[in-house]
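The following exercises are to be worked with the coordinates at hand. Each task is followed by a solution in steps.

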Amino acid sequence: EGDFAKGMESGRGRLTTKSGAIFEGEFHDGVLAGPGRYESGNGVVYEGGFKDSLYHGTGRIVGGFGEYTGGIHLGEISGKGEMRFKDGRSYVGDFVRGEFEGKGRLAYASGQVYEGDFIAGEFTGSGVVTWPGGMRHEGRFRNWRPEGPGVFSDDAGTTYEGSFTNGELTGIGRILAKDGSRYEGETRNRM
């Protein structure tokens with residue numbers, strides 16, 4: 001349904017495919033260009049901008065994974081955005097080609113929160129992790145685990161400062177207990 005020019009869709013229209021997908025929006029020389037809506041035959045719905053019939057600009061995608069709102073570049077989630085997953089997780093921050101990349105905040109339904117740097121979809125770089133009950137780690141991370149200098153506070157009020165390797169406190173550091181007692185020196189296996 002819609003207008004045609006030179007035998008191709010042109011102007012505002014609606015296209016329904018044999019598979020049941022529906023495209024609605026602005027067509028130019030047979031391709032979607034500008035604001036529009038797409039409904040796939042398998043439950044994915046997109047509303048937003050199109051360029052060359054690809055999602056482009058700012059948009060909203062709802063599907064089996066959950067919901068995304070934000071930047072999209074030539075069919076790929078890229079730029080600033082917010083993703084809410086069906087399992088209760090949510091991510092707000094930077095995306096590159098559909099992955100968490102740059103600064104962001106990932107929150108779990110359990111209350112655990114990662115906030116900081118992401119590379120290729122993983123929490124890597126500087127950041128802070130907090131858990132319900134008061135536990136907290138601030139420092140460097142690699143592949144979701146503390147790596148390098150950092151400070152960890154447990155839910156009992158004890159603070160561990162030093163270097164972490166693969167998520168464990170190692171090397172020279174200090175441990176400060178809530179009661180004021182302290183330890184300085186080799187910290188391996190003291191957490």
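Phe123 is buried, at a relative accessible area of 0% (buried is under 20%, exposed over 50%, partly exposed in between, with a 1.4 Å probe and protein chains only). The model is predicted: local features need pLDDT of at least 70 and side-chain atom pairs pLDDT 80 or more, while totals for chains, interfaces and linings use all residues. Residues are numbered from 1 along each chain as its sequence is written, and side-chain values use heavy atoms, without hydrogens and water.

**Exercise 1.** Determine how the rings of Tyr114 and Trp144 are arranged, and which parts of the chain the pair ties together.

Step 1. Rings of Phe, Tyr and Trp (its six-membered ring) pair if their centres lie within 6.5 Å; planes under 30 degrees apart are stacked, over 60 edge-to-face, and the rest tilted. This rule gives 20 aromatic pairs.

Step 2. For Tyr114 and Trp144 the centres are 4.9 Å apart and the planes stand at 80°, an edge-to-face pair.

Step 3. Tyr114 belongs to strand β11 (residues 113-119) and Trp144 to the loop between β13 (136-142) and β14 (145-153), so the pair links parts 30 residues apart in sequence. Strands (E, at least two residues) are DSSP runs, numbered from the N terminus.

Step 4. Tyr114 is buried at 10% relative accessibility, whereas Trp144 is partly exposed at 26%.

**Exercise 2.** Classify the pair formed by Phe123 and Trp144.

Step 1. The ring centres of Phe123 and Trp144 are 6.3 Å apart and the planes meet at 35°, so the pair is tilted.

Step 2. Phe123 lies in strand β12 (residues 122-130) and Trp144 in the loop between β13 and β14; the pair therefore joins parts 21 residues apart in sequence.

Step 3. Tyr114, Phe123 and Trp144 are among the members of one aromatic cluster, which also includes Tyr68 and Phe141.

**Exercise 3.** Describe the surroundings of Asp117.

Step 1. Asp117 is placed in strand β11 and is buried at 18% relative accessibility.

Step 2. Its contacts (heavy atoms within 4.5 Å), leaving aside residues up to four places away in sequence, include Gly102, Lys103, Phe123 and Ser126.

Step 3. The side chain of Asp117 reaches the backbone nitrogen of Ser126 at 2.9 Å.

**Exercise 4.** Where in the protein chain is confidence lowest, and where highest?

Step 1. The chain averages a pLDDT (the predictor's confidence in each residue, from 0 to 100) of 91.

Step 2. Strand β1 (residues 2-5) is lowest, at a mean of 47, and strand β9 (residues 90-96) highest, at 98.

Step 3. Residues 1-7 have pLDDT below 50. Where pLDDT is low, the predicted coordinates should not be read in detail.

Terms used:
Helices (H or I, at least four residues) and strands (E, at least two) are DSSP runs, numbered from the N terminus. A polar contact is a pair of N or O atoms within 3.5 Å; within protein, one must be able to donate a hydrogen and the other to accept it, and residues adjacent in sequence count only if both atoms are side-chain atoms.
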